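I opened my notebook to record what I looked up in this structure.

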Amino acid sequence: MLFHTAAASLARVLSIVLFLTSAAIGSAASDQPATTGRVVILSGERLTIADIVDIAEGRATIAVSAEGMERIRTARAVVDHYIEKGLPAYGITTMYGADFQTTLPPDAMRRFGRINIIQEATRVGDGTLPLVERGTMRAAWALLVNSFARGFSGASPDLVATLIERVNGNAVPDNVEYGNSMGDADLTANAQAAMSLLADPKFELKAGEATNLLTHNFITVAYAAQVVRRAEALLRAGNCTRPHHRRLSRQSGAAERSRLTTGCLALAAEYSQ
């Protein structure tokens with residue numbers, strides 16, 4: 001029970017520290033493009049914590065599986081069919097909210113998407129919010145591409161190719177504020193990140209893709225993976241892992257077990273300062 005208390009306390013404290021000092025997450029390698037030969041294949045299936053952290057810390061590049069790309073193309077063909085036929089599809093051929101019955105012509109659809117990104121990309125701008133470190137942003141966009149590979153989003157192959165190029169080349173924004181979204185995923189941070197795409201004159205935002213870029217919480221998921229990895233490392237460093245406690249149960253008395261557990265709790269308390 002004391003072990004579980006120590007582990008839970010440490011993980012909880014690390015989450016708080018991560019939010020307050022997110023710019024320090026990652027490693028020196030996270031500011032550079034990946035240079036190793038490891039490639040994480042995105043197929044729409046789950047990614048491991050190791051996959052996410054390796055992408056964030058520059059130890060892996062990404063690519064989409066052939067099956068994943070086929071699902072992306074198939075899903076986009078459905079979206080293009082709705083656009084071609086002028087059929088109502090929420091947030092793709094129509095507006096949002098109370099205006100969901102307003103169907104837009106193709107040119108207006110693209111303009112509507114850009115407007116929505118721009119209006120959501122609000123900033124506090126006073127330095128009180130942490131900035132998303134580039135490695136975390138790479139991992140977040142990799143997770144987003146992986147979700148596209150499931151074949152349900154309708155994102156275009158062109159958007160997928162752009163995000164992969166940005167992740168692998170470390171051409172991701174470094175000025176995204178974290179923590180000011182009002183209960184709708186990472187909406188504001190996602191919009192700020194998407195602004196870096198709109199700033200590229202060669203980038204074409206297709207109908208429906210503003211929704212793809214805005215409505216996800218993968219920045220938070222990327223942070224969470226790094227929190228877990230750091231918590232594991234700290235627990236190992238402090239001999240706070242469950243296998244170590246099991247060995248103590250067999251080899252040591254209650255006093256020694258109590259001493260080690262107290263040390264693990266102290267380690268958690270240190271990160272709360």
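Predicted model: local features only at pLDDT ≥ 70, side-chain atom pairs only at ≥ 80, totals over all residues.

**Entry 1**

Arg38 sits in the loop between α1 (2-20) and β1 (39-42), and Asp54 sits in helix α2, so the pair ties together parts that are 16 residues apart in sequence.

Is Asp54 buried or exposed? I found Asp54 buried, because its relative accessible area is 14% and the cut-off for buried is under 20%. Arg38 is partly exposed, at 32%.

I then followed the partners. Salt bridges that share partners join Arg38, Asp51, Asp54, Glu57 and Arg59 into one network.

**Entry 2: helix α2**

Next I turned to α2 itself. How many of its 8 residues are buried? I noted 6 of them, so α2 is largely enclosed by the rest of the structure. The buried residues are Asp51, Ile52, Val53, Asp54, Ile55 and Ala56. Two of the network's members, Asp51 and Asp54, are on that list.

After α2 comes Gly58. I read a positive phi there, near 80 degrees.

I also checked how α2 (residues 49-56) meets α5 (residues 134-148). Their axes come within 7 Å and cross at roughly 130 degrees. That makes α2 oblique to α5. The crossing is right-handed.

I picked out two more of them.

The side chains of Arg166 and Asp200 meet at 3.7 Å, N to O. I found both Arg166 and Asp200 buried.

Arg229 and Glu232 make another salt bridge, at 3.5 Å, N to O. Both lie in helix α9 (residues 218-237), 3 residues apart, about one turn of the helix. I reminded myself of the geometry: an α-helix has 3.6 residues a turn, so residues three or four places apart point the same way. Arg229 is partly exposed, with 26% relative accessible area. Glu232 is partly exposed too, at 33%.

I moved on to helix α3 (residues 66-85), where Tyr82 lies. Tyr82 counts as partly exposed, at 30% relative accessibility. With Val78 and Leu87, Tyr82 forms a nonpolar patch on the surface. Together the three have about 220 Å² of accessible area.

I found Arg71 partly exposed, at 31%. What separates the C-alpha atoms of Arg71 and Phe148? The separation is 8.4 Å, although these residues are 77 apart along the chain.

Last, I looked up Thr102. Where does Thr102 lie? I found Thr102 in the loop between α3 and α4 (106-120). At 34% relative accessibility, Thr102 counts as partly exposed. I also checked Thr102 against Tyr90. They are 12 residues apart in sequence and 9.5 Å apart in space, C-alpha to C-alpha.

Technical notes:
Residues numbered from 1 in each chain as written. Heavy atoms only, no water. Patch = residues over 30% accessible without salt bridge, like charges linked within 9 Å, V, L, I, M, F, W, Y side chains within 5 Å. Areas by Shrake-Rupley, 256 points an atom, 1.4 Å probe, with all protein chains shown as cover. Salt bridge = Lys/Arg side-chain N within 4 Å of Asp/Glu carboxyl O. Helix = DSSP H or I, 4+ residues; strand = E, 2+ residues; numbered from the N terminus. Buried < 20%, exposed > 50% of the residue type's maximum accessible area, 1.4 Å probe, protein only. Axes fitted to C-alpha atoms, helices over the stretch in contact; angles between N-to-C directions. Parallel < 35°, antiparallel > 145°, perpendicular 65-115°, else oblique. Left-handed = near helix turned anticlockwise from the far one by under 90°.
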